[in-house]
Amino acid sequence: MAKTVHLKVNGQSHDVSIEPGTRLLYVLRDNLGLHGPKFGCGLSQCGACTVHLDGKAIRSCVLPVEAAEGRAVTTLEGLGTVAHPDPLQQAFIDEQAVQCGYCINGMIMTAKAFLRSNPHPTRDEIKQALDGNLCRCGTHMRIVRAIERAAKAGAPA
Amino acid sequence: MNTRRRDVIESLEISDLGASRRAFLRNSGGLVLGFSLLGPAALAAGRELPLDTSVAALARKGPFAAVDPARLDAWIAIHPDNTATLFTGKVEQGNGSPNALLQMAAEELDFPYEHFYLVMGSTTETVDQGPTYGSMAVRYAGPQIQHAAAAGRQVLLAMAGKHFGVPVEKLTAVAGVISVAGAAGKSITYGKLVGGKRLDVTIGASGETFGMKVAPDAKLKDPSKYTIIGKSVLRKDIPGKTTGEFTYMQDVKVPGMLHGRVVRPFGVGAKLLSVDASGLKDIPGFVQVVREGNFLGVLATTEWGAIQAAEKLGSRLDRKGPDDGLAKWSQWNDLAATDEVWDAVRKAPGKPESVAKHGDVDKALKTAAHTLKATYLTPFETHRSLGPECAIADVGKDKAIVWGGTQMPHQAQRDLAELLGLPVDKVEVRWVEAAGQYGRNGLEHVMADAAIMSRAAGRPVRVQWMRWDSHGWDPKEPPIVQELEGGLDAQGNVTAWRHQMWVPTFSDTTLLPSELIGKPVGKRNLGSAAIGYEYAFDNAEVSSHNASRVGVITAWMRAPGQFETTFAMESFVDELAAAARQDPLEFRLKYLKQPRTIGVLQAAAKRYGWQPRVAFSAGKQRARKVTGRGIAWVNRDDSLVATIADVEVDQHTGEIRVKRVVVAHDNGLVISPDGMYNQIEGNIIQSISRTLHEQVTFDHAHVTSRDWASYPILRFHEIPDSIEMVLVNNDPKFKSNGGGEPSTCPTAAVISNAVYDAVGVRLRQRPFRPERVKAAMDKA
């Protein structure tokens, strides 16, 4: 039976009527129309579905929606818009660090949480932080450069 | 939002369930219906486009009429706010080539790139310029679009001449504004001049798809006056892709649609014996099972409901056998398992193809001072886009609309029409960008899945594959067997060269769902040699045994066949160079005559700082990690690439790290250098991944590498420290050839040759996973 789940996403409150156990990703995408997080594998292997839960990067494709109740969910849309991008998003634009772009949500959301804990990382630390995120187009060099650029500019976390 | 598309969609609606699309759009909270075809910047700006463009006109002609390439409005629309739209049948697959087409159009139209938007692929909106594959978008569609845009510029100048009452010679067109020379203040924007009307002008066209000639009388710009071509512009799709505002195929929703999931057979050729749907009734949102022959799918009102129902039927990563699930399949175990694949390839019936044959190779081998023989093996590979295949279909009794991210929307339209038994002009394909493709993945197949399920349900259906559907069932790059033989005389000159290949098809276009329902659509073509043989060896034979399907559906994946043939050819040349105790670059140059081939090899060597020496001249070294260098080159359809890399081998573990990569790339005039660099980097990273890690595995029933754990790809910690790129002959004197694939080709040979240079071991079977490398070193 569907139940009402209270969610706080990108600072906004939502009451969603949903089957318990539904993964957070489907609620964000299908019920709330937030397309930043992507379905990549449904197995927590690729990172395309990454969102922040209380500031920590997590995989929304395996998280039952109830587990997000009462916690702050942030999606890619919550960082910025084309008109007003977050400095990290802007760094990806400046470096043209996108090919197909399907993985980029995961890259930005993972890097954003990482830069909060380590604002001045080395290149190796960046690679380590992103090692669980897959990119199939081979945009890795540019993604690393974009994160370095944002870190250098002292992008506020 | 874009009113033009909205109205077209409404007028062509098929299975409206009473929900007004207009109301839906108003209330959908950001859910977008195919609007992504516009530039994301336009979307972000909420820009309105006028209704009266080519598309609306086409819609009036008949429901799904093909677009007439001889009309200017088939290609270009100018809007009153002095923005413009380019319509192209080519599509974006993540490599930015349509963006380059837009630059070419902006150049010839004299219109600012920033205000020029792109509509791609949809069959009622765009000309069929052939599929977007084979690194052919800029090469073939580019000139078509340049001519259309140049014709457009002439039309606009003529209109301005009339407007001002002056001869055209007195007019200049700059960045979307036409001015009268010497008359200050006498100027008008394209937008104002056109006044929201269609560019209802015949510009002429002949031929079809790649060979089509458009606006033959249009006069193209003198390349020395280029201001947009050759500039690194910002790609239009990137901002929206970094913020979540971009609409992918996976994001599209249609009112009243159901969510579908497929349940594939357990064994590749298994028959569906029974389905017990009674166990699905309690799943919230479950609607129905769709069963047709061996095709099985489920429909639900929510994605989660569809996923759960499919899982109960047997769609899951760890399905244990043909009885595991509410759907029961026959036992089927006729597949060649992983290690039996190459034997199956050799035994597959096929047709011979001769690429080169001169001199007498057998005789030369007999008299050679030194002979070498080697077998090279490459595995099945999967495209494995990060986003799984997704499509929506709305199939009615007498017409159908299918949304998909296919690289060939116009061909998909014809195939879907055949599948559904409808005339082609009763099927519309609305193209929306999906995740990166790298060839023919499952995006055409999932459109057929959606069409079959929508037909059964009488409602629009969205189908998204699960991860194991994608890894398990997308068309694969085929495994290839190659045998090479060479002879050297006492001075180390090559006297004999024989290269034989066994190549299953990489163009089996059979739609999997059509095969499952027992009504196959598509063709099982034969493989081909896919090689450019340029070495001037005295006695040479290059030939291929071209087979059809071997095991599972195989179709082109980035540089199909040639990634494999370059691996074997360029590694074996290296083997001969080492046997002849010669520097591998100098050895190659002795037998190469084409100036552009020599040009890229020399350019790469110069950037790298190549010093001549024999490979593995240092001999076996004690250090745990040893570095070597490798070189290889390719000519893929007149694009030349030479790659040199430094590679480190861990002698304890067999792990390979590619450290520094230098690429010299000659595809003639480059439209957007940064776009080209992005593509080369992508090719290099992906081909390193394919070389080191990738192999589809099988048991006798099916693919066993059905997720990212069992089909690993390159991770961040493994990427090179640097990829240095040199563009050679980037000059209008050299026409623009393709860049989407060529730089993939040399990588496997480069790495194999570098590993030999480091540790004296030849790797002749991909992938070069640590255990294989370690085993080879232990044997040496």
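## Burial and contacts

Of the 780 residues in chain B, 59% are buried, a value that, like every other one in this report, is computed from a predicted model. When contacts in chain B are counted between residues at least 6 apart in sequence, 78% of them join residues at least 24 apart.

## Overall form of chain B

Chain B contains 21 helices and 28 strands, and along its principal axes the C-alpha trace spans about 80 × 80 × 45 Å. A compact globule with 780 residues would have a radius of gyration near 28 Å, and because chain B has 28 Å, the two values agree.

## A pair of packed helices

Two packed helices are described by the angle between their axes and the distance between the axes. In chain B, helix α16 (residues 562-579) packs with helix α20 (residues 747-759) at an angle of about 30°, and their axes are 7 Å apart. Since angles under 35 degrees count as roughly parallel, α16(B) and α20(B) are therefore described as roughly parallel to each other. The crossing that α16(B) and α20(B) make is right-handed.

Which residues of the two helices meet? From α16(B) come Phe563(B), Thr566(B), Phe567(B), Glu570(B), Ser571(B), Asp574(B) and Ala578(B), and these meet Ala748(B), Ala749(B), Ser752(B), Asn753(B) and Tyr756(B) of α20(B).

Terms used: Residues are numbered from 1 along each chain as its sequence is written. Chains are lettered from A and ligands numbered from 1 in the order in which they are written. This is a predicted model: local features need pLDDT of at least 70, side-chain atom pairs count only at pLDDT 80 or more; totals for chains, interfaces and linings use all residues. Helices (H or I, at least four residues) and strands (E, at least two) are DSSP runs, numbered from the N terminus. The radius of gyration is taken over C-alpha atoms; the globule rule is 2.2 Å times the number of residues to the power 0.38. A residue is buried if 20 or more other C-beta atoms lie within 10 Å of its own, exposed if 12 or fewer, and partly exposed in between; C-beta atoms are placed from the backbone. Two residues are in contact if their C-beta atoms, placed from the backbone, lie within 7 Å. Axes are lines fitted to C-alpha atoms, for helices over the stretch in contact, and angles run from 0 to 180 degrees between N-to-C directions. Angles under 35 degrees count as roughly parallel, over 145 as roughly antiparallel, 65 to 115 as roughly perpendicular and the rest as oblique. A crossing is left-handed if the near helix is turned anticlockwise from the far one by less than a right angle, and right-handed if clockwise.
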